[in-house]
Amino acid sequence: MGRVALVTGGTRGIGAAISIALRDAGYSVAANYGGNDEAAAKFNSETGIATYKWDVGDFGACQEGVSEVKGALGPVEILVNNAGITRDAMLHKLDKDNWDAVIRTNLDSCFNMSRQVIDDMRNAGFGRIINITSINGQKGQLGQTNYSAAKAGIIGFTKALAQETARKGITVNCVAPGYVDTDMVADVPEEALKGIIATIPVGRLGKSEEIAHCVRFLAADESAFITGSTLTANGAQYITG
Ligand code: NDP
């Protein structure tokens with residue numbers, strides 16, 4: 001049996017591609033999801049990857065969920081914090097619920113989940129935590145103060161935790177996708193999407209599999225010296241040092 005990997009939001013979009021890529025690389029994979037039972041059942045029947053439903057924004061639910069995964073597969077060695085949502089509005093129209101939901105699901109989740117696995121990783125002297133941030137956390141995006149703040153927060157979380165865990169064989173990194181062809185982007189109005197694609201030098205949206213490839217690279221045992229970094233995959237839409 002390969003190392004145990006847990007992917008949050010691992011049943012749809014980028015997360016589904018990550019679950020499959022890690023499974024294909026020989027890991028024992030558990031895929032978490034939040035509420036879409038139909039998509040999770042379809043994913044499970046197509047891939048055979050076990051699915052687990054809980055809300056990553058809820059600390060207690062993460063505690064129970066990770067404990068269930070551990071009982072089934074063993075201690076989590078690779079955690080991919082991928083689950084995320086958008087609730088876009090300009091700040092002058094953004095209500096408190098949509099601020100809270102985005103911070104909770106995208107940022108609190110990184111604490112809620114990492115906290116459950118960190119002791120086992122420290123005891124084992126091995127771990128990989130890979131957090132999915134976004135181009136819009138790197139550059140900011142109008143209509144997304146909530147999402148940009150959460151995604152930028154993930155980068156700070158990653159840099160701090162990487163320093164805490166460096167001597168324990170644990171690496172902590174981000175992957176920062178640009179615009180990728182998933183349900184999340186399907187919510188963007190067609191005209192706005194055309195405008196976005198026009199600003200991507202590669203001339204197209206990214207594919208989920210291209211983001212999964214980055215995660216598989218960072219998860220590898222051989223990537224032990226890469227920690228605290230952000231691997232950007234955005235078709236040159238935003239180039240940052
Ligand atoms: P999707 O909307 O396609 O899928 C989101 C996944 O996250 C689903 O599996 C969903 O579960 C799960 N999820 C949502 N909320 C929760 C929750 N509270 N608890 C547990 N699981 C939850 O998103 P993408 O694949 O597009 O995005 C994946 C990640 O990549 C996100 O963090 C996103 O911010 C980031 N990203 C995406 C980009 C893009 O262009 N698509 C660009 C940059 C970053 P369910 O099916 O049950 O709803």
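This is a predicted model: local features need pLDDT of at least 70, side-chain atom pairs count only at pLDDT 80 or more; totals for chains, interfaces and linings use all residues.
**View 1. Cysteines without disulfides.** A search of the whole structure finds zero disulfides. Cys62 is accordingly in no disulfide, and the nearest cysteine sulfur, which belongs to Cys110, is 10 Å away. Cys62 has a relative accessibility of 0% and therefore counts as buried. Cys214, with a relative accessibility of 10%, also falls under the 20% limit and so counts as buried.

**View 2. The crossing of helix 3 and helix 4.** Helix 3, residues 59–73, and helix 4, residues 96–124, have axes that come within 8 Å and cross at roughly 40°. The two helices are therefore oblique to each other, and their crossing is right-handed. On the side of helix 3 the contact is made by Phe59, Cys62, Gln63, Val66 and Lys70, while helix 4 contributes Phe111, Asn112, Met113, Arg115, Gln116, Val117 and Asp120. Sorted by class, the contact of helix 3 with helix 4 comprises six nonpolar, three polar and three charged residues.

**View 3. Helix 4 alongside helix 6.** The axes of helix 4 and helix 6, the latter spanning residues 145–165, come within 8 Å and cross at roughly 15°. Helix 4 and helix 6 are therefore roughly parallel to each other, and the crossing that they form is right-handed. From helix 4, the residues that meet helix 6 are Asn98, Trp99, Val102, Ile103, Asn106, Leu107, Cys110, Phe111, Ser114, Ile118 and Arg122, and their partners in helix 6 include Tyr147, Ala150, Ile154, Phe157 and Leu161. By class, the contact of helix 4 with helix 6 is made up of 13 nonpolar, seven polar and three charged residues.

**View 4. The packing of helix 1 on helix 9.** Helix 1, residues 13–24, packs with helix 9, residues 208–219, at an angle of about 50°, and their axes are 8 Å apart. This angle makes helix 1 oblique to helix 9, and helix 1 passes helix 9 in a right-handed crossing. Gly13, Ile14, Ala17, Ile18, Ala21 and Leu22 of helix 1 meet Ser208, Glu209, Ile211, Ala212, Val215, Arg216 and Ala219 of helix 9. The residues of the contact of helix 1 with helix 9 fall into nine nonpolar, two polar and two charged.

View 5. Val56 is placed in the loop between strand 3, residues 50–53, and helix 3. With a relative accessible area of 5%, Val56 is buried. The C-alpha atoms of Val56 and Asp108 are separated by 8.0 Å, although these residues are 52 residues apart along the chain. When residues up to four places away in sequence are not counted, Val56 touches Thr8, Asn32, Cys62, Ala83, Thr105, Ser109, Asn112 and Met113.

View 6. Asn32 has its place in strand 2, residues 28–33, and is buried, with a relative accessible area of 1%. Its neighbours within four places in sequence left aside, Asn32 is in contact with Leu6, Val7, Thr8, Gly9, Gly10 and Thr11, as well as with Tyr52, Lys53, Trp54 and Val56. Thr8, which is in contact with Asn32, is also touched by Val56.

Conventions. Residues are numbered from 1 along each chain as its sequence is written. Side-chain values use heavy atoms; hydrogens and water are left out. Axes are lines fitted to C-alpha atoms, for helices over the stretch in contact, and angles run from 0 to 180 degrees between N-to-C directions. Helices (H or I, at least four residues) and strands (E, at least two) are DSSP runs, numbered from the N terminus. Angles under 35 degrees count as roughly parallel, over 145 as roughly antiparallel, 65 to 115 as roughly perpendicular and the rest as oblique. A crossing is left-handed if the near helix is turned anticlockwise from the far one by less than a right angle, and right-handed if clockwise. Contact means heavy atoms within 4.5 Å. Ala, Val, Leu, Ile, Met, Phe, Trp, Tyr, Cys and Pro count as nonpolar, Asp, Glu, Lys and Arg as charged, and the others, Gly among them, as polar. A disulfide is a pair of cysteine sulfur atoms within 2.5 Å. Buried means under 20% relative accessible area, exposed over 50%, partly exposed in between (1.4 Å probe, protein chains only).
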